[in-house]
Amino acid sequence: APLYNQPRQFHLGMFEIGRPLGKGKFGRVYLARERSSGFICALKVLYKAELQHGSGVEKQVRREVEIQSNLRHPNILKMYGHFHDSKRIFLILEFAGRGELYKHLRKENRFPEWKAAQYIAQMASALRYLHRKHVIHRDIKPENILVGIHGELKISDFGWSVHAPNHRRTTLCGTLDYLPPEMVRPHGNGNDNSYDEKVDLWSLGVLTYEFLVGEAPFEDTMVMTHRRIARADMTIPSFVSPEARDLIKKLLVLDPAKRLPLDAVQQHPWIIKHCVKGERATNREKTKGGE
Ligand SMILES: Cc1cc(Cn2cc(-c3c(Cl)cnc4nc(-c5cn(C)nc5C)[nH]c34)cn2)no1
């Protein structure tokens with residue numbers, strides 16, 4: 001019986017812990033098996049001592065649990081439950097059979113257009129689902145995406161997600177590469193620096209660029225990245241097809257209101273060309289060595 005119709009009370013003794021799958025800033029993730037059902041999952045262990053009190057990180061973990069536990073979509077990593085002991089918080093997560101997307105991207109350097117288009121279509125589908133629930137992810141990047149056993153993408157790590165509209169309070173740290181102008185340039189929209197779901201459209205554009213080029217469009221020194229994002233100053237290499245170039249340019253738009261909405265992303269010629277499971281599309285994939 002799958003985990004989600006288990007009793008809501010979980011505890012560590014219910015799980016056999018397997019190999020470490022990865023580590024993040026505040027803890028580690030282990031392969032785990034729930035003893036009674038044999039259900040395989042990923043157990044994310046966060047150390048309370050490392051979630052500095054009042055630094056906003058505890059609130060992020062609470063929000064991650066609250067938001068991710070209520071989501072059900074094939075391209076969003078499921079959270080089945082959580083529990084804690086004196087020192088640690090445990091998040092019971094779906095196991096993604098092919099691991100972290102950024103490792104695949106680094107290994108392949110960049111993805112072929114048909115694969116990038118299928119990935120972006122899946123991300124657009126997941127973001128449409130999130131935005132219908134007024135959830136903004138705010139941290140869409142390869143490091144926060146996992147790959148399921150059938151090669152499908154799974155958005156994970158909702159530590160930065162919030163309910164729209166929002167006014168950020170917690171200080172950003174880590175790469176600026178994926179942040180939109182309205183988040184890197186406070187008061188970017190003239191008045192207060194609040195923003196809405198359209199921040200995820202910008203990040204989707206950055207993700208499309210990085211899948212096809214192998215590096216982020218504004219990658220530079222901290223100061224230069226800031227400046228280049230604020231001006232949407234990027235160049236798209238000539239090997240990128242005109243259709244893909246068109247989609248990137250329609251997402252990396254300074255004015256959030258002018259960014260291509262998600263339903264239009266899913267209908268974009270570049271997406272349709274590679275994702276419509278017609279006879280032609282399927283045959284072409286086979287000739288190209290498919291997966
Ligand atoms: C703390 C902390 C670490 C991380 C990053 N991270 C996520 C995972 C992970 C999760 Cl959450 C779910 N399923 C996974 N499957 C893998 C995996 C599969 N293979 C074949 N190789 C790997 C690795 N990793 C998974 C691990 N680390 N976020 O917060």
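The largest pocket is lined by 48 residues, and G24, K44, E143, N144 and D157 are the ones nearest its centre. A pocket is here an open set of points on a 1 Å grid over the protein atoms alone, with protein on both sides within 12 Å along at least five of seven lines, and lining residues have an atom within 4 Å of a point. The model is predicted: local features need pLDDT of at least 70, side-chain atom pairs count only at pLDDT 80 or more, and totals for chains, interfaces and linings use all residues. Residues are numbered from 1 along each chain as its sequence is written, and side-chain values use heavy atoms, with hydrogens and water left out.

The space in the largest pocket amounts to about 1400 Å³, where a volume is the space filled by probe spheres set on grid points joined across faces, edges and corners. At least two lining residues come from each of β1 (15-23), β2 (27-34), β3 (40-47), α1 (57-69), α2 (101-108) and β7. Helices (H or I, at least four residues) and strands (E, at least two) are DSSP runs, numbered from the N terminus. The largest share of this lining, five residues, is supplied by α1. By class, the lining comprises 19 nonpolar, 15 polar and 14 charged residues; Ala, Val, Leu, Ile, Met, Phe, Trp, Tyr, Cys and Pro count as nonpolar, Asp, Glu, Lys and Arg as charged, and the others, Gly among them, as polar.

The second largest pocket has a volume of about 240 Å³. Its lining consists of K48, L51, H53, E58, V61, R62, V65, H82, H84, I89 and L91, with two or more residues from each of α1, β4 (79-84) and β5 (88-93). Helix α1 again contributes the most, here with four residues. The classes in this lining are five nonpolar, three polar and three charged residues.

Eight aromatic pairs are present in the structure. In one of them, F10 and F15 are tilted, at 6.4 Å centre to centre and 40° between the planes. Rings of Phe, Tyr and Trp (its six-membered ring) pair if their centres lie within 6.5 Å, with planes under 30 degrees apart counted as stacked, over 60 as edge-to-face and the rest as tilted. F10 is buried at 6% relative accessible area, and F15 is buried at 2%; buried means under 20% and exposed over 50%, with partly exposed in between (1.4 Å probe, protein chains only). Together with F83 and F90, F10 and F15 form one aromatic cluster. Elsewhere, R110 lies over the face of F239, at 3.9 Å from the ring centre; the criterion is CZ of Arg or NZ of Lys within 6 Å of the ring centre and within 35 degrees of the ring normal.

I149 is located in the loop between β7 (145-147) and β8 (153-155) and counts as exposed, at 52% relative accessibility. Leaving aside residues up to four places away in sequence, I149 touches G97 and R98, contact meaning heavy atoms within 4.5 Å.

In helix α6 (residues 222-230), the residues T225, R228, I229 and A230 are buried. Their cover includes α4 (181-184) and α5 (198-213). A232, which follows α6, has a positive phi near 50°.

Overall, the chain contains 10 helices and 11 strands. Of its 291 residues, 49% count as buried. Among contacts with a separation of 6 or more, 65% are between residues 24 or more positions apart.

How values were computed: On a 1 Å grid over the protein atoms alone, a cavity is a set of points where a 1.4 Å probe fits but cannot get out, and a pocket is an open set with protein on both sides within 12 Å along at least five of seven lines; lining residues have an atom within 4 Å of a point.
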